[in-house]
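This briefing reviews selected features of the structure shown below, grouped by topic.

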Amino acid sequence: MNLVAAALPVLDPVSPQAAAISDLFIAITVACAFIFAIVTTLVGACIIRFRSKPGDAEPRQVYGNTRMEIAWTIAPFLLLLWMFFMTARGMTASNPDPVAGREPDLIVVGHQWWWEARYVKSGVITANEIHIPVGKKLLVRLESADVIHDFWAPQLGPKMDMVPGHPNTIWLQADKPGTYDGACAEYCGNQHAWMRFFVIAESEKEFEAWEKNESSSARFHLVKNLPGVDSRIHEGWNAFHEMTCANCHAITDEYPTKVSTPLPNAAPNLTHIASRRTLAGGVIENNPANLRRWLKNPQLIKPGCKMPNLSLTDEQVENLVAYFETLK
Amino acid sequence: MSESIAKVPHDESLEHGLLGWVGTIDHKRIGILYLVTTLGFFLIGGVEALLIRIQLARPENNFLSPEVYNQIFTMHGTTMIFLVVMPALIGFANYFIPLMIGARDMAFPRLNAMSYWLLLFGGLLLHFSLVAGGAPSAGWFTYAPLSETPFSSTKGTDYWVLALLVMGVGSVASAINIIATVLTLRAPGLTIRRLPLFVWMVFVNSILIILAMPALNASIVMLLIDRQLDAHFFLPANGGSALIWQHFFWTFGHPEVYIMALPAFGMISEVIPVFSRKPIFGYEFVAASTVAISILSFGVWAHHMFAVGLGYQGNLFFAASSMLIAIPTGVKIFNWIATMWGGSIRFTTAMLFAMAFLVEFVIGGLSGVMFAVAPIDWALTDSYFVVAHFHYVLFGGTLFAMMAGTYYWFPKMSGRMLSEKWGRVQFLLLLVGFNMTFFVQHFLGMMGMPRRVFTYPDLPYWGALNMISTVGAFIMGAGMLVLVGNIVMSLLRGERAGDNPWNAWTLEWATTSPPPEHNFDRVPPVQGRRPLWDLANPDKADWKFKKVEGGDPSFGKNRTCMFSFLVSEAVFFIMLILSYLYFNSGKFGGPTASSSLDAFKTGIYTICLLASSFTIWLAEKYHHRKQFAAFRGWLVVTILLGVVFMAGQGAEYVGLFDRGITVSTNLFATSFFTLTGFHGLHVCVGLVALAILLGLAMARDGAKMIAPALGTIGLYWHFVDVVWIVVFSVVYLKILS
C-alpha cells in the first residue's frame, strides 16, 4: 500500500491539507468501486444467465416496476447525501478560508512560462524554486502576470488557478523535509509543459540560512572574486549590464548599473541563479555546460520561450557563465 | 401534415450522380452525407490523436514541436466534439427520425440541407486555418486571455470562432427542424408518449441544443469582437474578466456534454431491448430521467471551475447540483440492466458494443461523481485523470453507443449486413485498445501529470504508463480501420438484409432496406410503443397489457419552427444583457451610460418601434379579413416605423463616434455597442423579411399566398420589440443597476 502511495503523489500527502484530500479520495473511490461492482456483477449475470439459445421462445415481456424505480432513485440519493457532507467537510479541511485581513507570507506569480516567488517579510524574490520551513503553514497569494496558470504541488495540497485580475490564496505546508514536484496545471500556451517548480521543505535553521543568503545582494560574491582573480567574471558582469539582459532580468548588486532599471520582474531574478537546481522552469539541470547551451540559444532548448536568441559569441557566453556561477 | 410534403419540389434529373447528392433535400441522403462526413472528420481527428500519443510515448520526446502539438490537441478536441460526435448524432437523427415516426421527410427539407452544408463548410473553414497562418492552439475551451490577441497572435483562433459560428447556426437549425418534425409529422396513433426512446431523447436533446448553443455563439462573438475590434470583454489588463469567459463558455459547455450523450443513450435504449427480446424496462422513467438531466445540466457549469476560486458557497452549490445529476443517469443504467434481466440475449456486435457501453460509461460516470467532490477536483482537475474521465464518457460511452447504432442500423441504410465476424474483431480491438489507452491515464493523473503538456520529465513510471497508453491508441486505430473495411466490403458484397433483419419493433423496420424515397408505402397502425411487435404478436400485443393513452395537442409547423428559433435567440440576448450588466457594475474610467446616452431621444425612437408591433398586428388582422389594401398599408407603416428606429440608432452611433466613443473605448462602450448592435442587426433582418413580404403582397394574388409567412414573421417582429424593451430598460433606464 505504501509503495503504491509513493508512486502516486496525490495519495502520498505531506500536509494536513493534502491528507484531507487523499483520505476523501480513498473514501469516495471505495464507494464508487462498490457501485461499479454492483453494475458489473449484474451485467455479468445477464451475460451468463440470459444468453439466448436456439429455439428459445420470446421471453416474458416485462414493462417495468415502480417500486424498483423508487429504490434505485433513493439509494443513490442517500449515498450522494453522504458524499455531499464529506465534500463540505473536505473543503474546509483541505482549503480553509484564511482569517480576514491575514497578510500572505508568500506571493507566487505565474508568468509564461516560469514562476516568480516573493517572500513578503524578507523581500526575497526568487524563481521556480520555493523554499519553505518544515511544518509551517504558509498563506500563499497566487497571481498571474499574463494568462491563467495553475499552481499544483500534488503532495502538498489542492491546486489553485492563478487568474489575472482575480488573486486567490492557498495554504502551503510540508511536514516532512524534502523536495516536492510541482507544475502548472492550466494550459497556458506554448511551453506549458516546462512550467515546473520545486517546493523545498527544510528545517527552520536551513530555511533561515537560505533566506539570509537570498536577501543578500550579489555584491558580496563579486567583490570576493575581484580583483582580477578571473577577468571573465568582470567581463561577464559588463556584458550582462551592457547588453539587453538587464532589460528583463534583475540582479541586485551594489554596483551602479549602466543602463536603466529592468522592467519589474519581466523575467526571473538572477541574483542567486547559481544556487538553483534547474534552469528555465525545469527544462534542464542547472550546471555550467547547460547554462552555456541555454545562453547560446534558448530557443533550441525551450522553443517559444520569451528569451530570444541573442546571438552571443562564444566568448560572451563564457564570460556570462563565469559571472553567473558566482551568483550563489 | 401532407401539405408540407406536397410542396417539396421534385426534379427527376437531380436524382442520380454526384449532383443528386449535392442538390438533395431527402433526409436519408442528408443523413448519409452527415455520417460519411463525420466519419471522414473522425479519421482526421483520430490521426491527430495518434500524433499526440506518439509525441507522449516517451519522456522529453522531440517528435512534435510544442507549437505543433498545441495546435494538434486543440484541433483534436474541436474536431471530435463539433465535427464528429455532435453531427454524427444529428446524422443518425436525420436518417431515422422521420422513419421512426412514420413520416415522409423532415419538417423543413431545405433547412435540413442547409444545416448539413453549414457543417461541412464550417469544418472546412476550421481546417483552412492550417494554410492561413496556423491552426488554433488555445485548446477547445479557448480560455481567455490566452485566446486573446496578445497571447494568440495567429489567425487560428479567429478561424476557430468563425467555424464554430457557422456550425453553431447549422446545429440550431437542425435542432429546430427535429423539434418541428417530431411535434408535427408523427404517424397517426404515434403520440408523444409512444415515441421510440431514441426519438424522444433526440427531441429533448434538440431543446437542449437550442438553449445551449446560443450561449456559445454569444461568447465566441464577444471573443471575436475583442480580437478584431480591440474590445475588452475578456482582457483583464483592460478591465475585462477572464472568469466571465469561463462562466459563459461552460453555460454552453456542460449542456454540450449531455448533447453528446443523450442521443447515444437513445441508441442504447433501442438496441438493448431488441437484442434482449424485451420491451425497455420503465419507459416512463428512462424518458423522464432524460428531461431531468437536461434541466439539471444548466445548473452545473461551474463544476468546471472549482479551481478558479469561486468561494466556499459557490463551490458547495455546484458540488451539490453536479451530484444530483448522477441520480437520473443512474436510473437509466439500472433500467437498461433490468431490460436485459430475464431476457433472451443475442450477442450481436451491436449488443456487444451496447453492453461495453454500460460498463465503460459507468466508469466515466463514477469518476464524474468524484469530480463533483470539490476537493478531489482540486487534486485531479486539469490532470490526466480528467482526460481519462471524459474519454470514458465520450469514447467508452458515446462512441461505443454509436458503434452499437451503426451495426444495428447499417442494414437499414444500405440494404446489406455488416460482417458480424469482422464486427467482433473490431469490438475486441476497440475494447482492449480503449481501456488500455485511457485506464492508465487515471494513474498518470494521480502521479501529477498535467493535461495538455507536449512532453514531460522522466519521473518514475511516467514513461512506462504513457507507452502503454500509446500502444492502446494504435490498437484502437486498427479497430477503426476494420470498421472502414467492413463497411466497404459490406457495400460491395454484403449479405442482403431484408426489411427487418433483427426482428425489431419500431417503424423504420416496416419499410424496405434501404427505404424508398417516399419512405413508406403504408405506415402500419400504431397503438403502442412497439407497433411491429403488436403486428407480429396480436395475442400478446403491448396495448393489451400496458395501455399508453394518446391525445396530444397539435402544433403548427411554422409557428413551432419560429417559436424554437426565438427561444434560441432569447438565450443569445440574455447572454449579451448579462454581460452588459456585469461589465457596467464595476468602476472604470471613460464614458458610461449616464454620461453618453440620451434616454429621452432614444425613448422617442423606442415608441416608434413599439408602435410597429401594433401596426403589424393591424396588418395581420386586415389580412385575416382579406382587406388586402389596408393590410398592405399597415405593412408599409410597420416598415417605415422600423426604418425610423434604425435611423435613430444610426444617428446615436454617429454621435458617439464623433465624441470618440467606439467599441474599443472601455467596457461600457464594448458591451453597449455589442448589445445594441446585435439588436439593430435583428431589426434589419426583420425589415428585410417585411420588405420581401410586401414585395410578394404587391404581386397579383400574392397577398393570399403569404398567410403562413406573415404569422411567423409577425412573431419575430414582436420578439425583436420585446428584446428592445428589455435593452432599453436595462441600458437607458438602468432599472437593474
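In this predicted model, strand β1 (residues 106-111) of chain A runs parallel to β5(A), and five bridges join the two. Strand β5(A) is also joined by five bridges to strand β8 (residues 168-172) of chain A, in an antiparallel arrangement.

**Strands of chain A**
- Leu106(A) has Val140(A) of β5(A) as its bridge partner.
- Leu142(A) has Asn168(A) of β8(A) as its bridge partner.
- Strand β5 (residues 138-144) of chain A is mostly covered, with five of its seven residues buried.

**Helices of chain B**
- Helix α6 (residues 156-184) of chain B has 29 residues, which at 1.5 Å a residue should span 42 Å; this agrees with the 42 Å between its end C-alpha atoms.
- Because 26 of its 29 residues are buried, α6(B) is largely enclosed by the rest of the structure.
- Thr674(B) lies in helix α24 (residues 667-698) of chain B; with a relative accessible area of 4%, Thr674(B) is buried, the cut-off being under 20%.
- Beyond its neighbours within four places in sequence, Thr674(B) contacts Ile225(B), Phe233(B), Leu576(B) and Val663(B).

**Nonpolar surface patch**
- Ile70(A), Ile74(A), Phe77(A), Leu78(A), Leu81(A), Phe85(A) and Leu324(B) make a nonpolar surface patch of about 640 Å².
- Helix α3 (residues 66-94) of chain A supplies the largest share of the nonpolar patch, six residues.
- Phe85(A), found in helix α3 of chain A, counts as exposed because its relative accessibility is 55%, where exposed means over 50%.

Key
Residues are numbered from 1 along each chain as its sequence is written. Chains are lettered from A and ligands numbered from 1 in the order in which they are written. This is a predicted model: local features need pLDDT of at least 70, side-chain atom pairs count only at pLDDT 80 or more; totals for chains, interfaces and linings use all residues. Side-chain values use heavy atoms; hydrogens and water are left out. Patches are made of residues with over 30% relative accessible area and no salt bridge: like charges are joined within 9 Å, nonpolar side chains (Val, Leu, Ile, Met, Phe, Trp, Tyr) within 5 Å. Accessible areas come from the Shrake-Rupley method with a 1.4 Å probe; for residues, only the protein chains shown count as cover. A salt bridge is a side-chain nitrogen of Lys or Arg within 4 Å of a carboxyl oxygen of Asp or Glu. Helices (H or I, at least four residues) and strands (E, at least two) are DSSP runs, numbered from the N terminus. Buried means under 20% relative accessible area, exposed over 50%, partly exposed in between (1.4 Å probe, protein chains only). Contact means heavy atoms within 4.5 Å. The expected span of a helix is 1.5 Å times one less than its number of residues. Two strands pair if DSSP finds at least two bridges between them.
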